[in-house]
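Biologist: I'd like to learn how to read a model like this one. Could you walk me through it, feature by feature?
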Amino acid sequence: MNRRRGHPSTRKLALLAGGELGWWQKFALGRHTNACLLCRTELESLRDARLELSDLAQELPPDVKWDRLAAEMKANIRLGLEAGQIVAPAAASRARPARGEEEDIESYGSFFKPVAALASVAIFLYAATWVLSTRSKPAAGLGGVMVGTTVEGIEFKNGASAMTLFHQGGKPVAVEVSSGNRGGAASLRAQYVDEDTGEVTIHHVYAE
Amino acid sequence: MCTPNRRFAPVLALLACAGLAPAQVKISLPDDSPVTLVSADWGDTRTSERGGALVVDLHSVMSLRNTSARRVRGLTLLVASQEVTPGGRASVTKASLDVASGENFPVKIDLRLLRPLQKGSGPLVEISLDGVLFDDLSFYGPNRFESRRALTAWEMEAQRDRRWLRQVLDKEGPDGLRRECVASLARQAETQRLEVQLARGQRVTAEPTRKLDLAFVRLPDAPVDAVGGSALVAAGQAAVTQVDLVNHSDRAVRSVEIGWMLRDARGRDYSAGAMPARTDLGPRGRSQVRQDGQLKFTEAGGAPVSIDSMTAFVSQVEFGDGSLWVPARLALNDAVMRKALTPSGEEQRLTAIYRKRGLQALLEELKRF
């Protein structure tokens, strides 16, 4: 989004909305947004978007491999930074803006920029670590022995051991779950119909 | 990926990186088994290490032969791995079969076992026979995991639905059969299903719970009714505290299967599966069953379902002599029951034939048996 001269960039507002600016930048932008309806409106919309994303994250499936996802995210960030370092000098030399054109309220001096960037990265990594460590904890009441359906089939879990029966070709057409009353085995059964072969297959896992 | 495992050397030394040696998978069929193993293809079966865990990916297609004089309608194979998952077993059942004497048929098993790395010995996976059902509803097998009840119920439902479609064909002709198939496919498409988990022997959820009185639906000819009961529910979780049953018949009842319908806060109905439960229900008697553990219901995206109400109905009854009751086809005339009762595997198989291969293929299939 194009911003008018004398106003902070959308990137700065996004960092402010995420609480990822240094205290000085936060103070300066806070003063500006208090006085500027345009920037305050955009800041609020960015905060709303952040909350929506946070809500969506809460709805992610529990079997998402967070450790793997975190590793991939870190790798992508690293790759992005490296790519940025390669591209930035060339791009800067090709399209350096006219002096004064971009020097607005964002100009806080060459010393604070790297400090603020490092602080932002540190805050981001701390927040990401905290969020991921929270995500890795099992939901209350769902550790221990468990039988259940998954995207790939049905499974039995007992602590760190697991048995999964896979079925390719769609979700089960019927599911039956039993807690094994009167000393029986807890179990889960899923019925599948293969539309191509016409085979009716029933998978069953038991936890004795 | 396949990497040698030093700590699991006694077993993994035998496992070539090209795949799990058949010696590590023990297949046991009784000497008098009505089916015999013709061949087993282990495909890309693998063992590997991931972090601190041993992963066994078993992919097998076995070819079995019906060596009995009768036609095989269904079969259950047990898959056990006490070495890898103590207390955990699985079974694979093939239903709606029509295998004549001397014919071969395939059974596919795709399984993953995961356990922390440690020493072990013996076969990682044992496959054995739990039961075979024949066309006259006679049964062979140790029936350790109640394959007899399950296979018989599926076959009874299959016979019921084949008979129903033949009746439609006789009364209304091919056009009537086509309409019935389209209606069934529409019903299958409308059915909303949930991911279900059952956790047992754990601490009670930290979520706030509320008591929910169960609602009930009675099937017209059901010999046993659910008449009362309650559950404790939280966000996406339910623990059924008890279901009160009444036996209207003059026969003793050994077990029942209770079907569940679940309505969320937005008024959407879901078929939430079924719960089999053993019971000692005398003729004209009353009894109570309960579900130990917590059920967790989530939508396809993983979001917990906000449970507004739960409706129970008796969907199957096993009498003391082992005979079964399954709902009559007429039950589907009721709009509520149409939502609650999942179409049988046979109905889905037959309508899939219509959808994929056309009416003529279905007509030929209905003539087969």
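Biologist: In which helix of chain A is confidence lowest, and in which strand is it highest?

Modeller: First, the ground rules. This is a predicted model, in which local features need pLDDT of at least 70 and side-chain atom pairs count only at pLDDT 80 or more, while totals for chains, interfaces and linings use all residues. Residues are numbered from 1 along each chain as its sequence is written, and chains are lettered from A and ligands numbered from 1 in the order in which they are written.

Modeller: pLDDT is the predictor's confidence in each residue, from 0 to 100. Helices (H or I, at least four residues) and strands (E, at least two) are DSSP runs, numbered from the N terminus. In chain A, helix H4 (residues 66-94) has the lowest confidence, with a mean of 50, and strand E6 (residues 200-207) the highest, at 88. For chain A the mean pLDDT is 66, and 48% of its residues reach 70 or more.

Biologist: Over which residues of chain A does pLDDT stay under 50?

Modeller: Residues 86-110 are one such stretch, with 15 contacts beyond four places in sequence; a contact means two C-beta atoms, placed from the backbone, within 7 Å. Residues 131-142 of chain A are also below 50, and that stretch has 18 contacts beyond near neighbours in sequence. Where pLDDT is low, the predicted coordinates should not be read in detail.

Biologist: What is the mean pLDDT of chain B?

Modeller: Chain B has a mean of 85, and 89% of its residues reach 70 or more. For the complex, the predictor gives an ipTM of 0.84 and a pTM of 0.68.

Biologist: How many helices and strands does chain A come to?

Modeller: Chain A has five helices and six strands, running α-α-α-α-α-β-β-β-β-β-β from the N terminus on. Chain B has five helices and 20 strands.

Biologist: What percentage of the residues of chain A count as buried?

Modeller: A residue is buried if 20 or more other C-beta atoms lie within 10 Å of its own, exposed if 12 or fewer, and partly exposed in between, with C-beta atoms placed from the backbone. In chain A, 25% of the 208 residues count as buried; in chain B, 43% of the 369 residues do.

Biologist: Which residues have the most contacts inside the largest nonpolar core?

Modeller: A nonpolar core is a set of buried Ala, Val, Leu, Ile, Met, Phe, Trp, Tyr and Cys residues joined through C-beta atoms within 7 Å. The largest here has 111 residues, and those with the most contacts inside it are A:Val205, B:Val79, B:Ile258, B:Trp260 and B:Val314. Helix H2 (residues 147-190) of chain B gives the most to this core, with eight residues. Leaving aside neighbours within four places in sequence, the contacts of A:Val205 include A:Phe156, A:Met163, B:Gly88 and B:Ala90.

Biologist: Which strand of chain B does E3(A) pair with?

Modeller: Two strands pair if DSSP finds at least two bridges between them. E3(A) and strand E7 (residues 104-116) of chain B are antiparallel over four bridges, and A:Met163 stands opposite B:Leu113 there. Within chain A, E2 (residues 153-158) and E3 (residues 161-166) pair in the antiparallel sense over six bridges, with A:Glu155 opposite A:Thr164. Their hairpin has two residues between the strands, and A:Gly159 takes a positive phi near 60°.

Biologist: At what angle do H2(B) and H4(B) pack?

Modeller: Axes are lines fitted to C-alpha atoms, for helices over the stretch in contact, and angles run from 0 to 180 degrees between N-to-C directions. H2(B) and H4(B) (residues 345-357) pack at about 35°, with their axes 7 Å apart. Residues that meet there include B:Trp154 and B:Leu165 in H2(B), and B:Leu350 and B:Tyr354 in H4(B).
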